[in-house]
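This report looks at how two protein chains meet, and then turns to a packing detail within one of them. Please read it with the sequence and the model at hand.

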Amino acid sequence: MNANRKGSNVINKGGIKMVAMEPSEALAGLSEETQLIVVALTIMRNRIEALAPADRDDLFELIVVWGKTEDAEEQKNTHRAMIEILSQAKVSAKKQPGPSHLRERSKGWATHVGNKIRALRELAGLTQVELSTLAGLPQSHISRLENAEHTATHITLAKIAKALNVEVRDLDPVLD
Amino acid sequence: MADEHLRKPVKVGVRVGGGPPPGYQWDLDLLDQSHSEAMSFLDEDQYDHIARQYRELAMEVEPTICTTVDVRPIEDFYELRDKGGILKKLNVRSFFCMCRACRTMAALGTINKKNDGKTPDHVRILMRFRKRKYMELYHSEC
């Protein structure tokens, strides 16, 4: 590129001379493949510049994360997150309805767990209130679990198991 | 009726508006991205189980403090954790934010964590982005 070409402007920025050219001038002399890369990079740059500052900050933070990780899966997921921000993926939310009945398979699991809790509680000679106090859980929740009206979380089962002095696996069967 | 002329008309009205369903302290929104992420690795029973835990939180006066669901703060949103049981070998982390002004929780995203360590950075950053977009779109006037 000839910096003194007619129609070109030489800019001196911090001691570095740069040439401002028309796009067509900038691409002249480059191979077709390189031209495509330059166009893609220009589009990318424009898109990044158009991002809101907070979005741009998030994108740059992801680039750093992507560069640091060696795990292929993490890199792929980080890349996906970058695309979501760069493409300004639209957010759409729906209100969630109230509770529904347990599905058949869940009901089976909840029934098994509920029966286990009740059996072990009674074996320990505890009322639901006493168990709820020991476990740090609401009595109503213990009741719902024993009646298979709800599926318990791991943290709940761990609290109940500890209160009953059993292992979590004594309450939680492995589903087929 | 004889006293018909003495009766005054009674105005009956219903205020149409939002607000949590009966028994719930908070409304619950679900981002499409969160739904599709969850459905990519959860079966319907497992998805239903996570949805139930969200409803448990929505019944609390303060959803971030619940004795039956493991909730932890991350930046200015929250992470719901559960594993095992009906989730089998899955270690689910589901992220949500809250608009306290209009008492709405929103599920932002859901992942299957390979280990028990901290939330991956790319997930944290992405949830931060989604939360911002959700709040700008749905709660800009709150």
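## Extent of the interface

Chain B and chain A bury about 4,200 Å² between them, 50% of it on carbon and sulfur atoms, where buried area is the accessible area (1.4 Å probe) that two parts lose on being put together, summed over both. In chain B, the residues that lose the most area to chain A are B:Arg52, B:His122 and B:Phe129, which together account for 15% of what that side buries. The contact, meaning heavy atoms within 4.5 Å, takes 49 residues from chain A and 44 residues from chain B.

This is a predicted model, in which local features need pLDDT of at least 70 and side-chain atom pairs count only at pLDDT 80 or more, while totals for chains, interfaces and linings use all residues. Residues are numbered from 1 along each chain as its sequence is written, chains are lettered from A and ligands numbered from 1 in the order in which they are written, and side-chain values use heavy atoms, with hydrogens and water left out.

## Charged and polar pairs

Between chain B and chain A the count is 14 salt bridges, and over all chains it comes to 29; a salt bridge here is a side-chain nitrogen of Lys or Arg within 4 Å of a carboxyl oxygen of Asp or Glu. One of the pairs joins A:Lys95 to B:Asp29, with the closest N and O atoms 2.9 Å apart. Another joins A:Arg103 to B:Asp45, with the closest N and O atoms 3.6 Å apart; this pair crosses between chains, from the loop between β3 (93-95) and α5 (104-123) of chain A to helix α2 of chain B.

## Helix against helix across the chains

Helices (H or I, at least four residues) and strands (E, at least two) are DSSP runs, numbered from the N terminus. The axes of helix α3 (residues 53-68) of chain A and helix α3 (residues 121-138) of chain B come within 10 Å and cross at roughly 170 degrees. That angle makes α3(A) roughly antiparallel to α3(B), because angles over 145 degrees count as roughly antiparallel, and 65 to 115 as roughly perpendicular. Axes are lines fitted to C-alpha atoms, for helices over the stretch in contact, and angles run from 0 to 180 degrees between N-to-C directions.

Among the residues that meet are A:Asp58, A:Glu61 and A:Leu62 in α3(A), and B:Arg124, B:Arg128 and B:Phe129 in α3(B). By class, this contact has five nonpolar, one polar and eight charged residues, counting Ala, Val, Leu, Ile, Met, Phe, Trp, Tyr, Cys and Pro as nonpolar, Asp, Glu, Lys and Arg as charged, and the others, Gly among them, as polar.

## A helix pair within chain A

The axes of helix α6 (residues 128-135) and helix α8 (residues 154-164), both of chain A, come within 8 Å and cross at roughly 110 degrees, which makes α6(A) roughly perpendicular to α8(A). Here A:Leu131, A:Leu134 and A:Ala135 in α6(A) meet A:Lys159, A:Ile160, A:Ala163 and A:Leu164 in α8(A), and the residues of this contact divide into six nonpolar, no polar and one charged.

Technical notes. Parallel < 35°, antiparallel > 145°, perpendicular 65-115°, else oblique.
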